[in-house]
Amino acid sequence: RSSDLESVLNALEQALDIGRLIISAPIAMETGERLVEYAKHPNFALFATQNPSTGLYKGARESHSGTLLSRFCPLKIRSPTDQDTDIIIKDILKKCDHSDENASILSKHIRNFIGLTREVLREKAKPFPECRKSYAQLTLRDTLRWTETISPSSAVDRALLAEDAWLICVERFRTDECREAMAKVVHTTFGYDIQHGLKNFDLKVSCSNGKLELYNNRQLVTIANEVGCESLISDCRQVLPNACLPSANDSILHKLVKLHNELYKVIVAGSMSKHGVIHVCTYEALILLLSELYSPSTSCLTEREAAHSACRAYLSGVRDKTLQTIVRDKIADVFPDSVFPPNIESVSFPIVVTTEIKRLWNLAIRTLKTTQPLLIVGKEGCGKVSVIKSLAALFNRRVREVSLNPETQPSVLVGSLVPSSSEVIWTD
């Protein structure tokens with residue numbers, strides 16, 4: 001709010017004047033002191049940055065008082081020239097083990113693409129519908145992020161370069177008209193039909209040396225590791241702080257992990273390869289199973305109890321009768337003396353791997369490899385959460401859902417101190 005901003009700026013102006021920051025402190029009110037004073041450290045220095053009141057920000061900036069501005073020494077930083085950008089891109093590529101020749105070729109492709117994109121955004125004869133949106137402008141940050149994603153193995157593959165360009169710079173546009181215009185830019189730069197390529201993403205799964213390898217129609221995409229006892233215990237300690245978890249050498253835990261890895265290959269990889277569906281009942285199911293088996297109320301866990309619970313946990317995520325039989329057989333192999341519960345009716349539907357889900361997988365997998373956060377935009381009920389859950393099932397990873405709204409507290413994301421009977425403990 002403007003009133004809050006004004007009070008912050010007034011406090012800042014006063015602090016710069018007198019060298020002390022004075023703020024109200026509700027905690028100190030018990031002692032009768034309403035204000036707390038913080039003296040400026042001898043090495044303290046204040047730096048402020050601001051976007052100019054031009055372009056997208058024209059008319060959206062509030063004018064600061066002359067007295068506040070007079071306390072700063074203004075420095076104007078100019079945008080990098082094309083020559084500067086070329087030097088920066090080449091330097092990043094060389095540090096990522098690209099040859100000098102490849103770095104020069106890639107820098108030319110990247111700069112050509114950015115130049116054509118800016119021309120399309122500024123074209124007056126045919127205005128670009130989303131050119132005034134805050135996300136439309138390609139910044140140097142976007143260019144460098146794209147540059148950092150290019151591996152030496154994909155440097156000579158124009159199709160992969162085009163898909164990276166689409167992910168970083170184009171996928172943000174939301175109207176068909178804008179996406180078609182940008183698809184032409186991609187085709188002009190790389191000679192690749194991006195719309196056709198993304199729709200024909202063909203993901204295949206192969207098991208090798210205890211790891212699941214995911215391939216598209218050109219190269220290895222990623223490797224999904226099997227679950228290990230130690231990593232599982234570590235994850236469970238975060239999710240189940242009150243559970244009576246066993247050691248990593250526990251025999252029943254070893255059998256549960258072995259069972260999970262076998263079922264993962266059948267339920268996820270096998271179903272997707274043969275039937276084009278993903279069953280979301282993998283790593284999350286395993287953690288929920290452990291929360292039940294190793295709850296504080298559990299006294300002495302037997303293999304028969306573990307097998308019975310595992311059967312219920314995994315079958316509840318599978319509707320196909322043939323696949324349910326396979327799951328039962330796998331459990332019987334690991335726990336020979338197991339006793340199965342009565343027929344379990346699953347309430348979980350598999351996710352059908354459509355062309356659109358494959359396209360999103362293709363782009364999302366590239367984002368995950370760059371450790372960038374991913375924002376999925378779409379209408380209500382179109383399958384945004386399903387795409388994330390299917391990816392987690394495919395990668396054998398856990399998903400944690402947090403609903404955000406204006407009232408969401410930071411503690412929901414980062415944790416907080418929670419008082420217990422004898423002490424205050426941190427809870428994630």
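Me: Why is His109 called buried in this predicted model?
Reply: Buried means under 20% relative accessible area. His109 has 12% relative accessibility, so His109 counts as buried.

Me: Where does His109 sit, and which residues is His109 in contact with?
Reply: His109 is part of helix 4, residues 100-122. Neighbours within four places in sequence are set aside here. Beyond them, His109 is in contact with Arg158, Thr189 and Phe190. Contact here means heavy atoms within 4.5 Å.

Me: How do you know that the span of helix 15 agrees with its number of residues?
Reply: Start with the expected span: 1.5 Å times one less than the number of residues. Helix 15 has 12 residues, so the helix should span 16 Å. Its end C-alpha atoms are 17 Å apart, which agrees.

Me: Which residues of helix 15 are buried?
Reply: They are Val387, Ser390, Leu391, Ala392, Ala393, Leu394 and Phe395. The cut-off is again under 20% relative accessible area.

Me: What is the volume of the second largest pocket, and which residues are closest to its centre?
Reply: The volume is about 890 Å³. The pocket is lined by 25 residues. Closest to its centre are Leu374, Ile388, Val399, Arg400 and Glu401.

Me: Which elements give two or more residues to the lining of the second largest pocket?
Reply: Helix 14 (355-369), helix 15 (384-395) and helix 16 (411-414) do. Helix 15 gives the most, with 7 residues.

Me: What makes up the lining of the second largest pocket, by class?
Reply: The lining has 15 nonpolar, 3 polar and 7 charged residues.

Me: Which residues touch the most other members of the largest nonpolar core?
Reply: This core has 36 residues. Leu232, Leu253, Leu256, Tyr294, Tyr314 and Phe335 touch the most other members. Helices 9, 10, 11, 12 and 13 each supply at least two residues of the core. Helix 10 gives the most, with 8 residues.

Me: Which residues is Leu232 in contact with, leaving aside neighbours within four places in sequence?
Reply: Leu232 is in contact with Val227, Leu253, Val257, Tyr283, Leu286, Ile287 and Leu290.

Me: How many residues does the second, separate core have?
Reply: That core has 34 residues, including Ile89, Val120, Ala183 and Leu363. Members of a nonpolar core must be buried and joined through side-chain atoms within 4.5 Å.

Terms used. Residues numbered from 1 in each chain as written. Predicted model: local features only at pLDDT ≥ 70, side-chain atom pairs only at ≥ 80, totals over all residues. Heavy atoms only, no water. 1 Å grid on protein atoms, 1.4 Å probe; cavity = no way out; pocket = protein on both sides within 12 Å on 5 of 7 lines; lining within 4 Å. Points joined across faces, edges and corners; volume = space filled by probe spheres on them. Helix = DSSP H or I, 4+ residues; strand = E, 2+ residues; numbered from the N terminus. Nonpolar A, V, L, I, M, F, W, Y, C, P; charged D, E, K, R; others polar. Buried < 20%, exposed > 50% of the residue type's maximum accessible area, 1.4 Å probe, protein only.
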